There are 2 protein chains.
Amino acid sequence: MIKRYVYGKPFETYSVVCLDGVTEAAGEERSLFAKVDMEKALEPYGGITWDRPEDAAMGAMQYTRTMESEDVVYGLGENVRGINKRGWIYESKCSDDPNHNESKRSLYGAHNFMIVAGKECFGIYIDYPGRVIFDIGYLDKNELAITVCSENYTVYIITPDITPDVTSADGISPLYSILRQFRHMIGRSYVPPKWAFGYQQCRWSYKTAAEVEEVADNYRSRHIPIDAIYLDIDYMKDYKDFTVDKEAFPDFPDFVKRMKDKHIHLVPIIDAGVKIEEGYSTYEEGVEKGYFCKDAKGRDFVVGVWPGRVHFPDVLNRQAADWFGHGYKVLLDAGIDGFWNDMNEPAIFYSEEHLKEVFEQIDEYKKANLDIQTFFEFKDKVDGLANNLGDYERFYHRATQPEGEVVIRHDHVHNLFGYNMTKAASDAFKELAPDKDILIFSRASYIGMHRYGGIWTGDNHSWWSHILMTLKMLPSLNMCGFMYVGSDMGGFNDNATEELVMRWAALSMFVPLMRNHAAAGTRYQELYRFTDTDTFRKLIEIRYALIPYLWQEYNKAVDSETLMYKPLGWEHPGDRHAVATEDQLYVGDSMMICPVYEQNAIGRHVYLPEPMTMVRLKSATDYEQEKYAAGHYYIDIPAEQVVFFIRDGHKVPLGKSAEYTDALDDSDAVWLG
Amino acid sequence: MIKRYVYGKPFETYSVVCLDGVTEAAGEERSLFAKVDMEKALEPYGGITWDRPEDAAMGAMQYTRTMESEDVVYGLGENVRGINKRGWIYESKCSDDPNHNESKRSLYGAHNFMIVAGKECFGIYIDYPGRVIFDIGYLDKNELAITVCSENYTVYIITPDITPDVTSADGISPLYSILRQFRHMIGRSYVPPKWAFGYQQCRWSYKTAAEVEEVADNYRSRHIPIDAIYLDIDYMKDYKDFTVDKEAFPDFPDFVKRMKDKHIHLVPIIDAGVKIEEGYSTYEEGVEKGYFCKDAKGRDFVVGVWPGRVHFPDVLNRQAADWFGHGYKVLLDAGIDGFWNDMNEPAIFYSEEHLKEVFEQIDEYKKANLDIQTFFEFKDKVDGLANNLGDYERFYHRATQPEGEVVIRHDHVHNLFGYNMTKAASDAFKELAPDKDILIFSRASYIGMHRYGGIWTGDNHSWWSHILMTLKMLPSLNMCGFMYVGSDMGGFNDNATEELVMRWAALSMFVPLMRNHAAAGTRYQELYRFTDTDTFRKLIEIRYALIPYLWQEYNKAVDSETLMYKPLGWEHPGDRHAVATEDQLYVGDSMMICPVYEQNAIGRHVYLPEPMTMVRLKSATDYEQEKYAAGHYYIDIPAEQVVFFIRDGHKVPLGKSAEYTDALDDSDAVWLG
């Protein structure tokens, strides 16, 4: 059962699309959330800097609940720490912050859905596109406190349709009942073209057609399968959306075709900001038609990002979104059939106004013959230029709402930007290429965007801990509807090692978006850059041999509105060892994975909550199977091998590998298990 | 056997004190290191920014060796990542960098000793106080490459005195043979007063005597044992070394005595920089006697740190060191018997010269109407002010060497600063308080300093991963002579949770320096701040009950020049599961620990390389014992309990707890095992 609580006059996010069976709370029930003094509510959290908005109407509402010691909290989509979110505090606030360490409270997405699982069991979805704070046993280990920084929002409380006893070991767990109701309410998840399940290679940046071709040839000549190569920001002319640098990529449509002939899709990036440059048609059209976000004085708002000074397209306005979506046409026309939308939190290196203020302040500091106090003020001022919360209060949208156009300050709807940029593209694709499946995914997101595209988990690091973080995020992303997901394999920031990339590949091969990506200035990490390319070829061949299973389970999970990645505790809610296992997952209905995520490891401990068959793959054609009873084991897993488990009574198809997805032949599969 | 290779004319670091049995390499042997083109040697590492010194005489030497796939590399003291250092690259360069993540190549210490363990087995110590780079299977997983950024240095190669077959399961492993030769050569490790094994509480900062007293009373009233409370930088008057803020701490000697009466030692911090302030005697004396480091023009060098503008005492000069060491007298006279030396990498927020340059550059940027390129240049300039490598080339020491005073630029001897600051204090203590054991430890260090004091592992974070990092560092710190060591329990930076502090305590209770410490602006993490103080009391009582064992094993390890913290692979070199275990340690001769370091865990997997008795402590008096055969196990370990193992045939004393170490009575122990 879903009960809806509407407070004030919420902004319509369009995240919920189906209200069948949703009942409206009324009367006393609505006291679920109480208005609290925001300053006071936030005060104990210390570390949260809250720039109180000038808009005095903005209050805070807080929901608190005592948790039992056995309660587990699942959800919140893209975030750090455990599958069980207990023990930390999270903030919904789409953030361009590459330091995904344990202290972070926000990453790029805002996914306000979670399930509290214990003796009682319920789901809660806060549909509010500004800031929401989830204290899940952080200040007090036994208290859950949700603070919504507004008086205008909607809450959905979802209770299971079956008996709420998560300790029962059989039957559908109440968790799935809650999940399916929620997923049904938010609508069907995006399904990418099948080639998007192939191996993909990215780097910031392959700067010329020749460089891209070299990457392709290095894969093809070594017979390492590959389906896509990415174009990061440098393919554009001066980082201008919907342009291609003609010197670096002469005759782009011909180049796209040449790559297609090699069965390689090119996937260009699109950034949120539109460069301010006379003669640049996207800029000039946007200005002329009033499609950019405005500052308080009604001028097109100016921030600095990769192209230098830019305006943001007002993707919350239907006309502006439609116009921006049609910008992708020039690339579709060139034969492109995949995109990734970036910098759409939206990221801000600095705002023109703020930079000016900081420079004026620096002049003062300089005169003052800096003491240590003012030195730190000076440093903080400069460090605070990027993604400054104050800048999000400096601009406005003309958002299309059911009642018409509404002018709203950005911070109140901050978490909707990436969602609507991606929806704009997706809507345009339906019109511009109705017969084509287009790959699209985004960095920033909000629930609702899952209907239009996937996400990647942003600018992670070449850290061993980020292999495990990838695994832990998968179930919570699925919970929030995001099915086409993946992390940058090998890590984006910092330098990778061969062993790290190998072990990461052995996890990413089970993830829909298997993309190797690295930042400018870091060590090259294309698979052929390392010594043991033979092993890398075998690993990627195993991925391709698994595509029949992965594609089938992906579509099943989308169709039946459930998880593709299931925590062990969802399948065995009465088994406390299963519930506490945070480094294994069920993938689809039949398979359990247990990747190695530690440097120099020779294997790992594995917990089997049920009898299973271990599959040990030395290559896509060379494997062993062995039966195991339920229990704790140590399994040797060399970096050259892949190990997974199959549930008793289940079968997993292992197809014949191919060098690209179009050449896969599902009929060739052997059945493991 | 130890062979010494002297290249050029090395700077005398005094890290090696005993050359008995050391033979001099001659002739062809000396080709072990070959001169290489430094630029070329460093080029593939990309990420290493090498500010080539102007001193043209400085070359680079490089030693490379192919590693077998089974080779394990131990050592390098204070560093991130594994007990087995393979798979990453490290740089010896004492660094004030609080972000101890997997990408770091340097922390606060420079500990150039390691052991390669495989079919062949040898130790290598690079005695050079400037930059040394250890690529241990980073660029190529099978290659070890050591680059010394100088032509003047000494190398010691240590081979075992027994058969170098690490696969033999019995007898003393060659690793211990190598280690003992090395430790003998560098001299006996520091032993602190026994009270320094008590529980200790710190925060940046307890600002007044009243605040300190409140902390003490909160511990005493809850009967949570405690032996020391720390004074961070705010106890000083304007951060001036060897001063006490008289308003905040009126009648300091009386206050020290009052705390002593409560059996609590006060441990004040001493920083490296001496504030420039007329009338401040330390400053005026230093200037008058010429005891500060000089810039290229012979003026006292100016940098900014906590007090604002400061000079660095030239602790490499014997007279200056003697003078600085005697500065501690004012605090000793007040009854203080413990110190921690900080900021002695030395940390630099900015140098006066560099700051001026940056401000001039900012003026240019401002005029230039920043484009994105210059915006990043501007940001980098400001971010690059702190601990800038260039600043370390701007000042000079008049170092005391066997041949007399030598003027040397700081970057060539950078890693000796913290060592010599701490030695200065230790030398002075011998003179000023010959009958007293004084606690002293340092943030920065170099091998040699282990004879004069301990270290804490610097400004870590309230991260779960930092519990495990603490464990992994312990053996390598011991290898390099550092026995009195510990990490900030609960984490210094960022916010801790109750569960994190509890689990951290369950590791720190086995570590000599058990100090809870947190940064300004973070959540309070004194044990009484949380809800379950009863559990915290029990945990600290267990620590006190373990002090008889820990103190005995500490002194044994010091006396016999061996490890107190032993990787499983050192005890079972022929057991590949033992060698690969990186989250358990032997503590002393009889005990093995297996802390829980994961949020929401209910226990953990444990590997027993030999039959053992599990001890499960619910309190210092309530425990269970159970025999286990060798093998892999999952052990339930609630956060309220402590589990360790005892080797067959061994006994571990469990004493009676007390509220402070002086009240401990060793005769009361029961014998576990």
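Select chain A and consider its contacts, where two residues are in contact if their C-beta atoms, placed from the backbone, lie within 7 Å. Among contacts in chain A between residues at least 6 apart in sequence, 74% join residues at least 24 apart. The model is a predicted one, in which local features need pLDDT of at least 70 and side-chain atom pairs count only at pLDDT 80 or more, while totals for chains, interfaces and linings use all residues. Residues are numbered from 1 along each chain as its sequence is written, and chains are lettered from A and ligands numbered from 1 in the order in which they are written.

**Chain A as a whole**

Keep chain A selected and display its C-alpha atoms. Taken along the principal axes, they fill a box of roughly 70 × 65 × 55 Å. The radius of gyration is taken over C-alpha atoms, and the globule rule is 2.2 Å times the number of residues to the power 0.38. For 673 residues, a compact globule would have a radius near 26 Å, and the 25 Å of chain A agrees with this. Of the 673 residues in chain A, 58% are buried. A residue is buried if 20 or more other C-beta atoms lie within 10 Å of its own, exposed if 12 or fewer, and partly exposed in between, with C-beta atoms placed from the backbone.

Chain A has 15 helices and 39 strands. Helices (H or I, at least four residues) and strands (E, at least two) are DSSP runs, numbered from the N terminus.

**An open sheet in chain A**

Select β2, β1, β12, β9, β8 and β5 of chain A. In that order these 6 strands form an open sheet with mixed pairing; two strands pair if DSSP finds at least two bridges between them. The edge strands are β2 (22–24) and β5 (72–75) of chain A, each of which pairs on one side only. From one strand to the next, the twist averages 25°.

Within this sheet, select residues 2–7 and 153–158 of chain A, which are β1 and β12. They pair in the antiparallel sense over 6 bridges. Ile2(A) stands opposite Ile158(A) in β12(A). In a regular strand the side chains alternate between the two faces of the sheet.

Axes are lines fitted to C-alpha atoms, for helices over the stretch in contact, and angles run from 0 to 180 degrees between N-to-C directions.

**Strand β4 and its partners**

Select residues 60–66 of chain A, strand β4. Strand β3 (residues 34–36) of chain A pairs with β4(A) in the antiparallel sense over 3 bridges, and Ala34(A) has Gln62(A) as its bridge partner. Strand β11 (residues 143–148) of chain A also runs antiparallel to β4(A), joined by 6 bridges. In β11(A), Ala145(A) is the bridge partner of Thr64(A).

**Where chain A touches chain B**

Display both chains. Their contact takes 46 residues from chain A and 46 residues from chain B. On the side of chain A, α8 (352–367), α9 (372–383), α12 (498–508), α15 (576–580) and β36 (631–636) each supply at least two residues. The most comes from α9(A), with 4 residues. By class, this side of chain A has 15 nonpolar, 18 polar and 13 charged residues. Ala, Val, Leu, Ile, Met, Phe, Trp, Tyr, Cys and Pro count as nonpolar, Asp, Glu, Lys and Arg as charged, and the others, Gly among them, as polar.

**Two helices in chain B**

Select residues 318–326 and 417–432 of chain B, helices α6 and α10. They pack at an angle of about 65°, with their axes 8 Å apart. The residues in contact include Ala321(B) and Phe324(B) of α6(B), and Ala424(B) and Ala428(B) of α10(B). This contact has 5 nonpolar, 3 polar and 1 charged residues.

**Backbone details**

Most residues other than glycine have a negative phi, and most peptide bonds are trans. Select Glu345(A) and Pro346(A): a cis peptide bond joins them, with omega about -5°. Pro346(A) is found in the loop between β20 (338–342) and β21 (350–351) of chain A.

Finally, select Leu76(B), in the loop between β5 (72–75) and β6 (88–92) of chain B. Its phi is positive, about 65°, although Leu76(B) is not a glycine. Leu76(B) counts as buried because it has 25 C-beta neighbours inside 10 Å.
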